[in-house]
Amino acid sequence: MPTKLSVNLNAIAMLRNRRDLPWPSVEGLGRIALQAGAAGLTVHPRPDQRHIRFSDLPVIRALIDDEFPDAEFNIEGYPSEDFMALCEKTEPEQVTLVPDDPSQATSDHGFDFRASSELLKPIVARLKKKGMRVSLFADGDGDGEAVKLARATGADRIELYTGPYGGCFDDPERGAKILDDLGRTADAALAEGLGVNAGHDLTVANLPALIKRIPKLAEVSIGHGLTADALEYGMAETVHRFRRACGQPV
Ligand SMILES: CC(=O)[C@@H](O)[C@H](O)COP(=O)(O)O
Ligand SMILES: NCC(=O)COP(=O)(O)O
């Protein structure tokens, strides 16, 4: 089964939020992503709503339900009571729990399962009771014991935090070492019966080696790199459209 792609809409939402205008449209670009064959949409609402707004969630839920019933909605975030209530109301197919502090600019580490495995058990159970698959953001450091503790929470999957791997775009030697650690973490998780997702700073350039090392990688969620590519590869056509609007022959 090929690795599924879930398109993270946070970067689109952040651009939209620069103005009090409805574009770029989170719903519209989510629709284009699903029309192009993405398996799902991911959002990471944060308490200050600086990217995704809570009001975006029912819109994306309806988009998937009404137009793409085979697609999945993945909501990521720190399991505060507010976040849990949002998930229970929206009922995404998957919830990815992330140990984010509200002050963090972006996610930059996985759970410390030695400290938080017991705390996560009732949270995971509460989400699963409503039929949501639960994935836990995990460091890809090859720590098999931590993976066992992740399994003990009752979660279905882990999501490997691939930020350090993505950051090695100019240091292939270090990238290979990190890839080895990610691979060993995935092997341990799969041996425990956990599914494996991955995300953070993945790109067209670094994905193939990750999937080669982890052929059973279930899903990648990608936002920043994918949005950067969408801008780059869509720029020429867009300039043509605006030149036409200026009355220029194109
Ligand atoms: C868990 C994870 O790595 C992503 O959700 C990441 O946090 C994306 O969020 P931003 O694009 O808002 O940084
Ligand atoms: N779960 C990771 C994610 O959704 C996207 O992260 P990024 O591609 O924006 O770094």
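Predicted model: local features only at pLDDT ≥ 70, side-chain atom pairs only at ≥ 80, totals over all residues.

Trainee: Is His44 buried or exposed?

Mentor: His44 sits in the loop between strand 2 (40–43) and helix 3 (56–67). A residue needs 20 or more other C-beta atoms within 10 Å to count as buried. His44 has 23 of them, so the class is buried.

Trainee: Which residues does the UniProt annotation "active site" cover?

Mentor: The annotation comes from an unreviewed UniProt entry.

Trainee: What is the largest C-alpha distance among them?

Mentor: These residues are spread over 157 residues of sequence.

Trainee: What is the phi of His200?

Mentor: His200 lies in the loop between strand 7 (195–199) and helix 9 (207–213). His200 counts as buried because 26 C-beta neighbours lie inside 10 Å. Its phi is positive in a residue other than glycine, near 120°.

Trainee: Is Asp201 buried or partly exposed?

Mentor: Asp201 lies in the loop between strand 7 and helix 9 and has a positive phi of about 60° although it is not a glycine. Buried would require 20 or more C-beta neighbours. Asp201 has 19 inside 10 Å, so the class is partly exposed.

Trainee: Which residues does a cis peptide bond join?

Mentor: The omega in question is about 0°. Pro24, in the loop between helix 1 (10–16) and helix 2 (26–35), is one partner; the pair is Trp23 and Pro24.

Technical notes:
Residues numbered from 1 in each chain as written. Chains lettered and ligands numbered in written order. Helix = DSSP H or I, 4+ residues; strand = E, 2+ residues; numbered from the N terminus. Buried ≥ 20, exposed ≤ 12 C-beta atoms within 10 Å, placed from the backbone. UniProt positions renumbered as here; feature names shortened; annotations may be inferred.
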